Structure formats: C-alpha cells, structure tokens
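Biologist: Hi! I'm new to this one. Could you walk me through it?

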Amino acid sequence: MAPTYDVIVLGLGGMGSAAAHHLAARGARVLGLEKFGPVHHRGSSHGGSRITRQSYFEDPAYVPLLLRSYELYEKLERDTGREIATLCGGVMLGRPDSRTVRGSLESARQWDLPHEMLEPEEIRRRFPTLTPAADEVALYEARAGLVRPEHTVAAHLQLAGQDGAELHFEEPVTRWEELPGGAGVRVHTPENTYTAGQLVICPGAWAPQLLTDLGVPFTIERQVMYWFAPDGGTAPFVPDRHPIYIWEDDRGVQIYGFPSIDGPDGGAKVAFFRKGTVCTPETIERTVHDHEVRAMADQLAPRIPALPGRFLKAATCMYSNTPDEHFVITRHPAHPETVTVACGFSGHGFKFVPVVGEIVADLALTGATAHPIELFDPRRPAAAAA
Ligand SMILES: Cc1cc2nc3c(=O)[nH]c(=O)nc-3n(C[C@H](O)[C@H](O)[C@H](O)COP(=O)(O)OP(=O)(O)OC[C@H]3O[C@@H](n4cnc5c(N)ncnc54)[C@H](O)[C@@H]3O)c2cc1C
C-alpha cells in the first residue's frame with residue numbers, strides 16, 4: 001500500500017514548523033507531529049527575541065544562507081501580516097582581536113557586506129547607553145536586528161495549515177522504522193501509526209535521544225535570559241535608538257542583548273552567549289537563582305550602566321551544541337533514501353529558521369539542495385570530536 005503522507009515532520013518548533021510550511025507550499029501531503037502544544041516554551045524557540053545579523057563571526061560560510069533567510073523572513077511577514085523582524089542595527093563589540101570583532105569583520109569583508117568600524121568615542125556618541133573601554137571597538141551593521149521566535153513559529157504553522165498540512169500537537173513520536181524496500185517510513189505515536197515516503201526530524205534538544213545513530217555527541221546546555229528595567233526608564237532603549245549588541249570581554253565571555261520591545265514596563269533582555277550548564281530536557285533546572293542574576297548584573301554594570309537597574313524576570317531555554325558549534329543538516333547517513341535531519345543548532349539557529357525550512361524541503365523532496373550546506377555534514381571530523 002502506498003504511504004499515506006509524502007512527508008512526516010517530527011517536531012514543530014523553530015525548524016520543524018518552517019519545514020512543514022515549505023513542504024506544504026510545494027504541494028507535499030504533510031503530517032507534523034509535535035510532543036507539546038503549538039508555540040510552547042519547553043524547547044529552544046521562545047523568549048520573545050532572537051538576534052539576527054549577517055557579518056557572521058562564527059564562519060563566513062553562513063553568509064549566503066543568511067542573505068536568503070532575510071528574504072524569506074520578509075516574505076513570511078508579507079504572507080502572514082505578522083510583525084516578525086525589527087532591523088534596529090547591531091554592534092559587535094570587543095577588542096579588535098576578539099572573535100566577535102575580528103570574525104564579524106572577516107565575514108563582512110569576504111562578502112562585501114555594508115558595515116562600519118566604530119572607535120570607542122563614536123560608539124558612545126551614537127549609542128549613549130554603551131560605555132566601551134578605551135581598547136574596545138565595534139563593527140556596526142545597519143541590517144542587524146531581532147526576529148520574534150514565537151511569531152515566526154506561529155506564522156509557519158499558520159501557512160503550513162493553510163496549505164493543507166495536518167498538524168498534530170501533544171502527540172509525541174515514540175519510534176519509527178523504515179518500510180521494507182526503502183518505500184518510506186512507519187512512525188509510531190501513543191495514539192496511532194502513520195506511514196510516509198519521507199521523514200524529517202527536527203528534534204531540537206531531544207536530538208541525543210532521537211538521533212543516537214548519527215555519530216554526533218550533542219551537548220544540551222541550559223541557558224538563561226534576563227529582563228532588566230533600566231534606571232531612568234526604557235526610552236533610550238527603544239529600537240529606534242538602541243541596537244542589538246554582542247559584547248565580548250577580555251576573557252572571551254560574550255553577552256548579547258536587545259532593545260526594549262515589550263513597552264515601557266517590559267525592560268530589556270540580555271543573556272550570556274554560551275557558558276551554560278549541561279542538562280537534558282527532562283532534568284533542566286527551570287529556577288533561576290539570585291547568584292545568576294547577580295553575575296549578569298555584574299557583567300552589565302561597567303558596559304551598560306543603566307541596564308541592571310532593576311531585575312524583572314528570567315527564563316530558561318536550551319542550546320543543542322555540536323562539538324564545533326556548527327549545525328547538522330543532512331540526509332541521515334544511515335537512512336539516506338528516507339530520512340532528513342536538522343539539529344545541533346548550537347545556540348545560533350533561529351536567524352536561519354526560514355532557510356533551514358527551505359533546505360529541508362529540498363532534501364526531503366529531491367534528495368539535494370542548491371544551498372551550501374557542506375559545513376553541516378555530520379561526518380565532518382570536527383562534529384565527531386567528543
Ligand atoms: C536562550 C537562547 C537564546 C538564543 N538566541 C539566539 C539568537 O539570538 N539568535 C539565533 O539565531 N539563535 C538563537 N538561539 C538558538 C535558536 O533559538 C535555536 O537554534 C532554535 O530555536 C532551534 O530550533 P529547533 O527547531 O531545533 O528546536 P525547537 O524549537 O526546540 O523544536 C524542537 C521540537 O521538537 C519537538 N520534539 C522533540 N521530540 C519530539 C518527539 N519525540 N515527538 C514530537 N515532537 C518532538 C519539541 O517539543 C520541539 O517543539 C537561542 C537559543 C536559546 C535557548
């Protein structure tokens with residue numbers, strides 16, 4: 001018997017919702033299966049804001065994907081009428097030889113991206129909330145800004161549904177197997193068993209449990225987001241006046257933060273980039289402790305003196321790290337005819353969500369993609385290094 005669906009998408013978080021949209025838009029019969037409800041807060045795609053930028057210090061190889069992602073984010077806003085991206089500009093701050101500054105400049109130069117290098121006096125003049133040290137500089141990118149994760153996921157689910165995708169929530173996949181003769185997959189949930197020609201796995205922090213045969217030692221990391229009400233009010237922090245920032249200190253510790261986007265009482269969000277504690281989705285400590293808030297306030301005080309004014313709230317989230325912090329996007333090496341995988345986004349995946357949806361749809365429906373994804377092969381040596 002022919003499989004019921006063309007594609008089953010496991011996980012409807014950031015990546016899975018985008019995959020479901022792109023697959024359904026191309027006419028595929030799609031079933032999406034999600035463990036929790038729509039747009040939930042128990043994975044990696046919540047917290048109101050995510051940084052987006054193009055001068056990518058992680059590796060210039062990401063830049064073409066970012067350019068496409070910007071186009072797709074614009075289209076997503078047009079197609080749904082939702083407010084998703086706010087391109088308020090961004091500064092990558094630190095010493096000239098820091099990874100944040102040096103790497104961003106390398107990407108900007110290699111891809112000829114519009115950018116400016118700012119000396120400390122100029123940073124203070126343009127952005128009076130920021131007080132860089134005498135030896136710190138910034139790469140300014142006017143097209144950097146933020147995207148809203150919950151609006152993004154909701155928009156992709158909406159479009160997928162409009163194009164006929166069946167989306168089942170509170171229905172976890174318990175196991176799956178290939179059909180005989182490579183005819184597709186059979187996928188089991190507590191309620192039902194489904195068949196499809198293709199399976200797309202976008203498991204977020206559940207990758208270590210669901211993708212044991214991929215050969216990549218994922219580390220799930222607990223991360224905390226903090227909201228502070230600045231001294232003197234949020235007026236200097238609104239997106240018209242305030243950029244997103246990534247700020248690396250002389251020990252290599254990075255913080256990043258956002259303008260104030262939740263109204264005068266919402267404060268502004270800031271977080272450490274990396275340096276979280278290892279966890280699992282079952283064991284993650286959801287309570288944020290006073291000493292953690294103090295550590296954040298201490299890191300902020302010399303750099304953005306008004307910001308640690310009054311602590312408002314905190315929330316936790318998970319990174320799914322690969323050893324080299326590059327993504328995994330591939331046909332599954334052990335099931336190359338039927339299974340596509342997108343995971344290991346290592347704390348920097350959200351800005352790529354729409355283009356990952358497009359790539360996954362390419363891989364699931366045609367077996368290949370024109371996008372450059374060599375860096376994301378799980379068989380690269382650096383992905384296996386424990
Ligand atoms: C605090 C924090 C800050 C971040 N900041 C940025 C940033 O500024 N810029 C940026 O680009 N990126 C950022 N990221 C990273 C980005 O948010 C993630 O890379 C991205 O959200 C990952 O999406 P995902 O689809 O892989 O995971 P998720 O959105 O978590 O989706 C995975 C889904 O799979 C479901 N699932 C798992 N197992 C099953 C199963 N058995 N059956 C059915 N469903 C299942 C889960 O319930 C979940 O909904 C940040 C992440 C965090 C945590």
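Modeller: Happy to! A definition to start with: two strands count as paired if DSSP finds at least two bridges between them. Keep in mind that this is a predicted model. Here, E3 and strand E8 (residues 145-147) pair in the antiparallel sense, over three bridges.

Biologist: Which residue stands opposite isoleucine 51?

Modeller: That's leucine 146, in E8.

Biologist: And what order do the strands of that open sheet take?

Modeller: The order is E3-E8-E4, three strands with antiparallel pairing.

Biologist: Switching to the ligand: which residues come nearest?

Modeller: Glu34, His40, Ser45, Cys317 and Lys351, out of 34 residues around the ligand. In the side chain of lysine 351, an N or O atom is 2.7 Å from an oxygen atom of the ligand. Serine 44 has a backbone N or O atom 3.0 Å from a ligand oxygen atom.

Biologist: How much of the ligand does the protein bury?

Modeller: It's 97% of the 1,000 Å² that the ligand exposes when taken alone.

Biologist: Which element gives the largest share of the shell?

Modeller: E18, with three residues. By class, the shell has 18 nonpolar, 12 polar and four charged residues.

Biologist: What about the second largest pocket, what's its volume?

Modeller: About 250 Å³. E13 gives the most to its lining, with four residues, and helix H7 (290-300) supplies at least two. The lining of this pocket divides into four nonpolar, four polar and four charged residues.

Technical notes. Residues are numbered from 1 along each chain as its sequence is written. This is a predicted model: local features need pLDDT of at least 70, side-chain atom pairs count only at pLDDT 80 or more; totals for chains, interfaces and linings use all residues. Side-chain values use heavy atoms; hydrogens and water are left out. On a 1 Å grid over the protein atoms alone, a cavity is a set of points where a 1.4 Å probe fits but cannot get out, and a pocket is an open set with protein on both sides within 12 Å along at least five of seven lines; lining residues have an atom within 4 Å of a point. Grid points are joined across faces, edges and corners, and a volume is the space filled by probe spheres set on the points. Ala, Val, Leu, Ile, Met, Phe, Trp, Tyr, Cys and Pro count as nonpolar, Asp, Glu, Lys and Arg as charged, and the others, Gly among them, as polar. A residue is near a molecule or strand if one of its heavy atoms lies within 4 Å of it. A polar contact is a pair of N or O atoms within 3.5 Å; within protein, one must be able to donate a hydrogen and the other to accept it, and residues adjacent in sequence count only if both atoms are side-chain atoms. Accessible areas come from the Shrake-Rupley method with a 1.4 Å probe; for residues, only the protein chains shown count as cover.
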